[in-house]
Amino acid sequence: MEISDVRRRVRAAIEAARTRAEARRASRDEASRAWEGVRSDLAVPAFHQVASALVGEGHRFKVVTPGEAVRLTPDRGGEEFVELALVTEREEPALVLTSTRGRGRRVITTEHVFRDGPAIASVSEEEIVAALLEALTPFLEP
């Protein structure tokens with residue numbers, strides 16, 4: 001193989017990597033802007049509504065907003081929670097619903113991609129509540 005062919009292919013690979021990085025940055029920026037609106041307008045109010053309804057049913061939960069996430073935690077203490085947060089370390093940014101609960105000495109953590117890419121901006125409050133209730137099911141078991 002000729003050195004000129006190798007250099008041409010290397011230049012093409014460098015340009016492709018640069019283009020891909022620019023697209024990833026633009027996608028992350030767009031997802032971050034969408035998440036800011038969804039978080040303040042939909043997610044935080046939805047989490048508060050679910051927490052209020054749970055308290056009415058005798059399950060004590062509170063809403064906290066660490067960093068850019070929204071988290072529902074039981075009042076009984078420990079490191080248990082259900083959290084909705086934007087994860088930008090993936091190839092395509094995504095809203096990830098994380099559930100962490102303890103069973104004795106074991107800690108069980110599950111993650112579920114709730115929405116990714118451009119679909120983040122189109123999430124509804126009903127979808128957030130449905131996903132949150134599904135993730136809360138193990139916390140509500142006797």
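The model is a predicted one, in which local features need pLDDT of at least 70 and side-chain atom pairs count only at pLDDT 80 or more, whereas totals for chains, interfaces and linings use all residues. Residues are numbered from 1 along each chain as its sequence is written, and side-chain values use heavy atoms, with hydrogens and water left out.

Rolling a probe the size of a water molecule over the atoms shows where empty space is left. On a 1 Å grid over the protein atoms alone, a cavity is a set of points where a 1.4 Å probe fits but cannot get out, while a pocket is an open set with protein on both sides within 12 Å along at least five of seven lines; lining residues have an atom within 4 Å of a point. Grid points are joined across faces, edges and corners, and a volume is the space filled by probe spheres set on the points. One cavity of 30 Å³ or more was found in the search of the whole structure, and the largest cavity holds about 30 Å³ of space. Its lining is formed by Phe47, Leu84, Leu97, Phe114, Ile128, Ala131 and Leu132, and these residues divide into seven nonpolar, no polar and no charged, with Ala, Val, Leu, Ile, Met, Phe, Trp, Tyr, Cys and Pro counted as nonpolar, Asp, Glu, Lys and Arg as charged, and the others, Gly among them, as polar.

The largest pocket has a volume of about 230 Å³. It is lined by 13 residues, of which Leu97, Thr110, His112, Glu134 and Ala135 are the closest to its centre. At least two lining residues come from each of strand S4 (94-103), strand S5 (106-116) and H2, and S5 gives the most, with five. The lining of this pocket comprises six nonpolar, four polar and three charged residues.

Beyond its neighbours within four places in sequence, leucine 72 is in contact (heavy atoms within 4.5 Å) with residues including Phe47, Val50, Leu54, Val63, Leu132 and Leu136.

Arginine 71 is found in strand S2 (residues 70-74), and its side chain makes a polar contact of 2.6 Å with the side chain of glutamate 83; such a contact is a pair of N or O atoms within 3.5 Å, one able to donate a hydrogen and the other to accept it within protein, and residues adjacent in sequence count only if both atoms are side-chain atoms. Threonine 98, in strand S4, is buried, with a relative accessible area of 10%, whereas arginine 60 is exposed, at 52% (buried means under 20%, exposed over 50% and partly exposed in between, with a 1.4 Å probe and protein chains only). Arginine 60 is placed in the loop between helix H1 (3-56) and strand S1 (61-64).

Terms used
Helices (H or I, at least four residues) and strands (E, at least two) are DSSP runs, numbered from the N terminus.
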